[in-house]
Amino acid sequence: MDKIKTSFDSILEKVHSYLPDQNLEILEKAYQFSLKAHRDQARAGGDPYITHPLAVTKILSELQLDIATLCAGLLHDVLEDTQVSNSLLKNEFGEEITTLVEGVTKIDSLEHLSSNPENLPFFTSNPELLKQAEYWRKMIIATAKDIRVILLKLADRKHNMETLEFLKSDKQTKIAEETLTLYAPLAQRLGMYKLKSDMEDLCLKYLDSEKYLILKQKVDQREIQREEWIKKCVEKIKSVLSLHPFPYRISSRPKNLYSIYRKMLKQNKPFEEIQDLVGIRLVTDSVEHCYALLGAIHTHFAPVPDSFTDYISVPKNNMYQSLHTTIAFNKDEIVEIQIRTEQMNQVCEYGIAAHWRYKQGAAAQTLSAGEKPDVGEDKLDWIKQILEWQQDAKNPKEFLDWLKLDLNFDQVFVFTPKGEVKKLPQGSTPIDFAYCVHTELGHQCIGAKVNNKMVRLDTILKSGDRCEIITRKGQKPHKDWLELVKTPRAKSKIRKFLREVP
Ligand code: MN
């Protein structure tokens, strides 16, 4: 129990370091509440259940998220796994925290439906399966409604991946596949590279453990061999930069095993032939100093032709900003250098989460005492900002659709009994769904079950519903159906039938 209290205290300490002026009492309350609610439960590894919400909250505190999200982290499983009701939670912790917990719980209920392995393509290029995975991600976003719910869900998934060893092997595979196809790409889209690559490496460990172990050994070995040489590079760079007055810190780049694994598969090459440059990172205090450092480096070392990329003036779609250049000390000694500010470095590692944090900080500073930050407005700002960054995207419309979060989401995603996902416009009914699956299914429809309950044919479908169409041979579409359907496809099929079969 002491260990648990200590880990909660270290979270408090961390939160206090980035939110020094805020009262943390409600965190203490959420911790006690969660501890009590989960008191009789244990994790698969035998630890008391509370260790899980604590680990999730620790991840969220490393992302420096707000108090409401941290409380929701502590409480995220109480609705699903304990007797605690929504109204009790609302009474104790208010609307905002309850809504966040409800969001995570809703996403969890979607997960249970994804038991069809065909929906979870591990390393596939099958366009239909890729489309399914994409729909899933969209559905998660649509269900979450608030970006903080996604961050909670990602933290939850990360800790579940870290403790996957305690589960049975078929469950391990299922969860790892789901993480690799749904959650890691989601983290990438949100620019959370660190979380993404941590998750991917854990997935590889369970999906191809043999290759994972060999690869890990080889990468570690190569690192040992290269350690001396990296040290030498760092010294050389330090010595030339000592001639200039710019502040900076220097580090080498972390490894992502899964990306090497992918390259090996994609290029069909053994590990030894995978081009993996030594990477060195310089982090400084301002954009001006980024370019100054670049200038200094280029003055002293020859850049490899065409290797320079300026992601500061043209950021990547997911907000990534940095200067990239590759320099050669001599013919065989090539090193890639990334130069960025501290804030860019945060955004590179934590993506959306870092951005959220900076926004909040800015909002808090400009507000006078007693005023509350307008979270809704802030969120819209955030989306606008992303969309601005998106202007160079290959398919901006697609991205815009994807990011529709809580801006009147106009699509719903509905499951077939086999677990396939269909995309329909908001307001669609079971008849739309039937025609979306197959024309004959539409024509012969006499009723529908949604989530195993019989419903009327004018029922409006919601994201995450599982819809089953009941048919009878010889049944015909009815003229009144035209009033019930939303999709052009269903309308035209019904009209065509009525025209041809009077
Ligand atoms: Mn959980």
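**Labels and the values behind them**

Mentor: Let's start at a helix end: just after α12, N268 takes a positive phi of about 50°. Bear in mind that this is a predicted model.

Trainee: Why are D306 and N452 called exposed?

Mentor: Exposed means over 50% relative accessible area. D306 has 82%, so D306 counts as exposed. N452 has 57%, so N452 counts as exposed too.

Trainee: Back to α12, then. Which of its residues are buried?

Mentor: In helix α12 (residues 257-267) they are L257, Y258, I260, Y261 and M264.

Trainee: How do you know that they line one face of the helix?

Mentor: Look down the axis of α12: the buried residues fall within an arc of 160°, so they line one face. As a general point, an α-helix has 3.6 residues a turn, so residues three or four places apart point the same way. The cover over the buried residues of α12 includes α9 (169-189), α10 (193-207) and α11 (209-241).

Trainee: What makes H52, H76, D77 and D156 donors of the manganese ion?

Mentor: A donor has to be an N, O or S atom within 2.8 Å of this metal. Here the atoms are NE2 of H52, NE2 of H76, OD of D77 and OD of D156, at 2.2 to 2.4 Å. Those distances are inside the cut-off, so the four residues qualify. Along the chain the donors follow the spacing H-x23-H-D-x78-D. H52 is in helix α3 (residues 51-62) and D156 in helix α8 (residues 147-162), so by the helix assignment this pair links distant parts of the chain, 104 residues apart. H52 and D156 are both buried.

Trainee: Why is the contact between E92 and K29 called a salt bridge?

Mentor: The rule asks for a side-chain nitrogen of Lys or Arg within 4 Å of a carboxyl oxygen of Asp or Glu. The closest N and O atoms of E92 and K29 are 3.5 Å apart, so the pair passes. E92 lies in helix α6 (residues 86-113) and K29 in helix α2 (residues 25-37), so the bridge ties together parts that are 63 residues apart in sequence. By this rule the count comes to 19 salt bridges.

Trainee: Why is R157 called buried?

Mentor: R157 has a relative accessible area of 3%, under 20%, so R157 is buried. R157 is found in helix α8, and its side chain makes a polar contact with the side chain of T179 at 2.9 Å.

Trainee: How many aromatic pairs are there in the whole structure?

Mentor: A search finds three.

Trainee: What makes F33 and F93 an edge-to-face pair?

Mentor: Two values settle it. The ring centres are 5.2 Å apart, within the 6.5 Å limit, and the planes are at 90°, over the 60 degrees needed, so the pair is edge-to-face. F33 lies in helix α2 and F93 in helix α6, so the pair ties together parts 60 residues apart in sequence. F33 is buried at 16% relative accessible area, and F93 is buried at 7%.

Note on methods: Residues are numbered from 1 along each chain as its sequence is written. This is a predicted model: local features need pLDDT of at least 70, side-chain atom pairs count only at pLDDT 80 or more; totals for chains, interfaces and linings use all residues. Side-chain values use heavy atoms; hydrogens and water are left out. Donors are N, O and S atoms within 2.8 Å of the metal (3.2 Å for Na, K and Ca); water is not among the atoms, so sites may look incomplete. Helices (H or I, at least four residues) and strands (E, at least two) are DSSP runs, numbered from the N terminus. Buried means under 20% relative accessible area, exposed over 50%, partly exposed in between (1.4 Å probe, protein chains only). The arc is that of the directions from the helix axis to the C-beta atoms. Contact means heavy atoms within 4.5 Å. A polar contact is a pair of N or O atoms within 3.5 Å; within protein, one must be able to donate a hydrogen and the other to accept it, and residues adjacent in sequence count only if both atoms are side-chain atoms. Rings of Phe, Tyr and Trp (its six-membered ring) pair if their centres lie within 6.5 Å; planes under 30 degrees apart count as stacked, over 60 as edge-to-face and the rest as tilted.
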